[in-house]
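User: Hello! I am new to this one and would like to go through it step by step. Could you show it to me?

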Amino acid sequence: MPDYIRPQKDHVALISLSAQRDYILPSSPIRASGLSRAIPAMEKLVQGFRDRLAPVYHSIRLYKTDGSNVDLCRRTAVEEGLRIFMPGSLGAELVDEIQPEGKEVRINPDLLFDGKFQEIGENESIFYRPRWGAFHDTPLEDELRSRGVNTLVLCGFSFTTATRATIYEASARDFRVIVVPDALCNATEQGLRELGRMGVYMMETDELLSWLRDPRENGENEKAA
């Protein structure tokens, strides 16, 4: 693959997408599939980035009860009583497995709605996105550019919406993208294969962490989708 799309480990950040409790609750109308595989992989992935002191960003959704900030396709449902991602609710919080060690962080809705990052650890923050993709009307791009990040590793609970939308947005902004299939929910083999045409790389969690630890030159061992 051309050098200009090859991932660079010294300029990498991890983005978790919608790793929120409403996706794992047994009675949830949006419960994700593949949780038993994805959650342990996400936990391992996040910890690997923490150990390396590489940037970690948790991108979350929050739905106001009046539906005023909700996607049009879900707004009526929220107006009629669908209660997911409600600010201040336990369902909107990060899942336990990726909470910072030794403490439970509660989301600060006012700070996030104001377009700011909520720091929850060294080089680790939460931010709110109003639509599917992590770049849409968020401060993410400016934040990444300011830190010299050009490579994104993506994981999370919503492949068909959040992950795919974020990949398209990242590609349009010339970021290099790695997707971690075993740390995703609701992903399909066909959907993952289609990403190869966009220059997206695929690495399982153990492979990705091994790549991060490899002292050899960036890009020597990676595989494109």
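This is a predicted model: local features need pLDDT of at least 70, side-chain atom pairs count only at pLDDT 80 or more; totals for chains, interfaces and linings use all residues.

User: In which sense do S3 and S4 pair, and over how many bridges?

Analyst: Strands are DSSP runs (E, at least two residues; helices are H or I, at least four), numbered from the N terminus. Two strands pair if DSSP finds at least two bridges between them. S3 covers residues 118–121 and S4 covers residues 124–128. Glu 119 has Ser 125 as its bridge partner in S4, and the pairing of S3 with S4 is antiparallel, over 3 bridges.

User: Which strands are at the edges of the sheet?

Analyst: The open sheet has 7 strands in the order S3-S4-S2-S1-S5-S6-S7, with mixed pairing. Inside that order, S2 (residues 56–60) runs parallel to S4, joined by 5 bridges. An edge strand here pairs on one side only, and that describes S3 and S7 (201–202).

User: Why are H1 and H7 called roughly parallel?

Analyst: Axes are lines fitted to C-alpha atoms, for helices over the stretch in contact (heavy atoms within 4.5 Å). Angles run from 0 to 180 degrees between N-to-C directions, and those under 35 degrees count as roughly parallel, over 145 as roughly antiparallel, 65 to 115 as roughly perpendicular and the rest as oblique. H1 (residues 35–52) and H7 (residues 205–213) have axes 10 Å apart. They are therefore roughly parallel, packing at an angle of about 10°.

User: Which residues of H7 meet H1?

Analyst: On the H1 side, the contact includes Ala 41, Leu 45 and Phe 49. On the H7 side it is made by Thr 205, Asp 206, Leu 208, Leu 209 and Leu 212.

User: Is Leu 53 buried, partly exposed or exposed?

Analyst: Leu 53 is in the loop between H1 and S2, and has a positive phi of about 60° although it is not a glycine. Buried means under 20% relative accessible area and exposed over 50%, with partly exposed in between (1.4 Å probe, protein chains only). At 45% relative accessibility, Leu 53 therefore counts as partly exposed.

Methods
Residues are numbered from 1 along each chain as its sequence is written. Side-chain values use heavy atoms; hydrogens and water are left out.
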